[in-house]
Amino acid sequence: MRAKAKMPRSDVAMMALPRLAPNRFATANRRRLSGPGLRTFLAIADLWGLSEAERLMVMGLPSRSTYYGWVKAVREHRDITLDLDVLTRISAVLGIHQALGVLQGSEKAAGAWLHTPHSGAVFGGRPPLDLVTSGTQDGLMTVRRFLDAARGGLYMEPNELDRDFKPYTDQDIVFA
């Protein structure tokens, strides 16, 4: 009986990870995504009621003149090229907004969820919006991962708004 040759652990790990296309972060791709991404971020920031200071924190604290230059350019539909950090932050906001759209019944309910203190361990009794506007990518990604896990069916610790929620039973589910 012939024994299988074992691959070194690092080779196995490298085979399991997908590789990113080298041009994924090319200037042309970032330019293509920057305008639509920033315009969408601005619309979501309006829905969430973010102040100027909060918007700057979410964007990674660019100078006010830089931020307003970006905003003016995208409102005039001129090309801009945001750096990878800013595009990653915008992507996290889009993911949070999408997950809230799935989990909450309305945009008003989604906004209330963001602004209400939450007992989930990652929030420490503070509103999720505090993490979103903390100025760190990690804060944004923590909220996004929390919501993505809840959307995927993992247990989500109840928020104050969910205090009176009663889990569904088999009798509550009707197939028509």
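Biologist: Which residues in the largest nonpolar core touch the most other members?

Modeller: This is a predicted model, in which local features need pLDDT of at least 70 and side-chain atom pairs count only at pLDDT 80 or more, while totals for chains, interfaces and linings use all residues. Residues are numbered from 1 along each chain as its sequence is written, and side-chain values use heavy atoms, with hydrogens and water left out.

The residues you ask about are Leu38, Phe41 and Trp48, in a core of 36 residues; a nonpolar core is here a set of buried Ala, Val, Leu, Ile, Met, Phe, Trp, Tyr and Cys residues joined through side-chain atoms within 4.5 Å. Buried means under 20% relative accessible area, exposed over 50% and partly exposed in between, with a 1.4 Å probe and protein chains only. Among the elements that give two or more residues to this core are H2 (27-48), H4 (64-75) and H5 (84-103), and H5 supplies the largest share, eight residues. The protein has eight helices and zero strands, taken as DSSP runs (helices H or I, at least four residues; strands E, at least two) numbered from the N terminus.

Leucine 38 touches Met59, Trp70, Val71, Val74, Ile80, Leu82 and Ile90, leaving out residues up to four places away in sequence, where contact means heavy atoms within 4.5 Å.

The axes of H2 and H4 come within 10 Å and cross at roughly 105°, which makes H2 roughly perpendicular to H4. Such axes are lines fitted to C-alpha atoms, for helices over the stretch in contact, with angles running from 0 to 180 degrees between N-to-C directions; 65 to 115 degrees counts as roughly perpendicular. Gly35, Leu38, Arg39, Phe41 and Leu42 of H2 meet Tyr67, Trp70, Val71, Val74 and Arg75 of H4.

A polar atom of its side chain lies 3.1 Å from the backbone oxygen of glycine 135. Leaving aside neighbours within four places in sequence, arginine 89 is in contact with Met57, Val58, Met59, Gly60, Gly135, Thr136, Gln137 and Leu140.

For the protein as a whole, 31% of the 176 residues count as buried, and residues 24 or more positions apart account for 64% of the contacts with a separation of 6 or more.

Definitions and conventions:
Parallel < 35°, antiparallel > 145°, perpendicular 65-115°, else oblique. Polar contact = N/O pair within 3.5 Å; in protein donor to acceptor, adjacent residues only side chain to side chain.
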